[in-house]
Amino acid sequence: MGCAISMLLDNRHALKKVYEELDNHVGKGRLVNELDISNLVYLQAVIKEVMRLYATFSGYREFTEDCIVAGYHVSKGTWLIVNAWKIHTDPRVWDDPMEFKPERFLTGHKDVDVKGRHFELMPFGSGRRACPGINLGLHLTLLILASFLHAFEISTPTNATVDMCQGFGDSNKKSTLLKVLIKPQRPLNQQPQQTHTPILQDQAQRPLKIHSSTVHP
Ligand code: HEM
């Protein structure tokens, strides 16, 4: 989430497009809900692009038998740690690989998803030990980011670029704190009310009612 906000602050044209998309598909009169997410295609592209550049953690594997991989002998017991960042920034696959360009997921790479089927982008890993929380993680990331940006205009205190230096560790922690100025998109005493019933859709696309009370933000 921090990387997504940082990237949007450093790429104001992308931030503007996210705000436009939220205006067009959600509007000012209500809150974002989970059914909006499928319409927020630019925001989805933003998250994929953030994951391409920053979700580069990979699980470890151990060879259970001697193998030949790409002509190399690998002994049983060897540990394998995949360098997902290298794959995600391979210039043979990605144009301008170090640039933040969400648009690539609306054009040339529009059919590439993050669910481990496309080996050029594997923020959740791949195969039998891939992350079992893919759908929850992806959905929550989109819902939280959409709700936050729908509620607040964001900027930096000095308009300086965000320091993206990384700290040490398995997950991609930033080494410095992200400082963000937030301004409510509307006066605090005019917050919209959630007037519809929140629903989830099950596999068969039948609306599944979970509760019917009015939710006050
Ligand atoms: C954006 C959010 C998330 C990202 C980027 C992420 C990423 C990953 C990655 C890269 C792995 C290693 C996969 C591999 O070894 O090939 C993993 C494993 C795992 N993740 Fe996630 N994850 C996320 C959210 C979640 C959530 C929400 C849950 C649970 C509710 C979860 C549960 C797990 C578990 C249990 C494993 C270990 C699976 C195993 O070793 O068999 N993750 N995750």
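Select residues 12-25 first: that is helix α2, whose 14 residues should span 20 Å at 1.5 Å a residue, and its end C-alpha atoms sit 20 Å apart, which agrees. The expected span here is 1.5 Å times one less than the number of residues. Helices are DSSP runs of H or I with at least four residues, strands are runs of E with at least two, and both are numbered from the N terminus.

Before you go on, keep in mind that this is a predicted model: local features need pLDDT of at least 70, side-chain atom pairs count only at pLDDT 80 or more, and totals for chains, interfaces and linings use all residues. Residues are numbered from 1 along each chain as its sequence is written.

Staying on α2, show the side chains of A14, V18, E21 and L22, which are buried (20 or more other C-beta atoms within 10 Å of a residue's own; exposed is 12 or fewer, partly exposed in between, with C-beta atoms placed from the backbone). These four cover an arc of only 100 degrees around the axis, so they lie on the same side of α2; the arc is taken from the directions from the helix axis to the C-beta atoms. An α-helix has 3.6 residues a turn, so residues three or four places apart point the same way.

What covers that buried side? Bring up α1 (2-10), α3 (41-54) and α5 (134-151), which are among the elements covering the buried residues of α2.

Next stop: the ligand. It is surrounded by 16 residues, and the closest are G59, G125, C131, G133 and G137 (near means a C-beta atom, placed from the backbone, within 6 Å). Colour that shell by type and you get eight nonpolar, seven polar and one charged.

Click on C131, which an unreviewed UniProt entry lists under "binding site". C131 sits in the loop between α4 (84-88) and α5, and is partly exposed, with 19 other C-beta atoms within 10 Å. Beyond its neighbours within four places in sequence, C131 is in contact with F124, G125 and G137 (C-beta atoms, placed from the backbone, within 7 Å).

A70, in the loop between β2 (67-69) and β3 (72-74), has a positive phi of about 50 degrees although it is not a glycine. D96, in the loop between α4 and α5, is not a glycine either, yet has a positive phi of about 40 degrees. A70 is exposed, with 5 other C-beta atoms within 10 Å, and D96 is exposed with 10.

Technical notes. Ala, Val, Leu, Ile, Met, Phe, Trp, Tyr, Cys and Pro count as nonpolar, Asp, Glu, Lys and Arg as charged, and the others, Gly among them, as polar. Two residues are in contact if their C-beta atoms, placed from the backbone, lie within 7 Å. UniProt positions are given in the numbering used here, feature names are shortened, and annotations may be inferred rather than shown by experiment.
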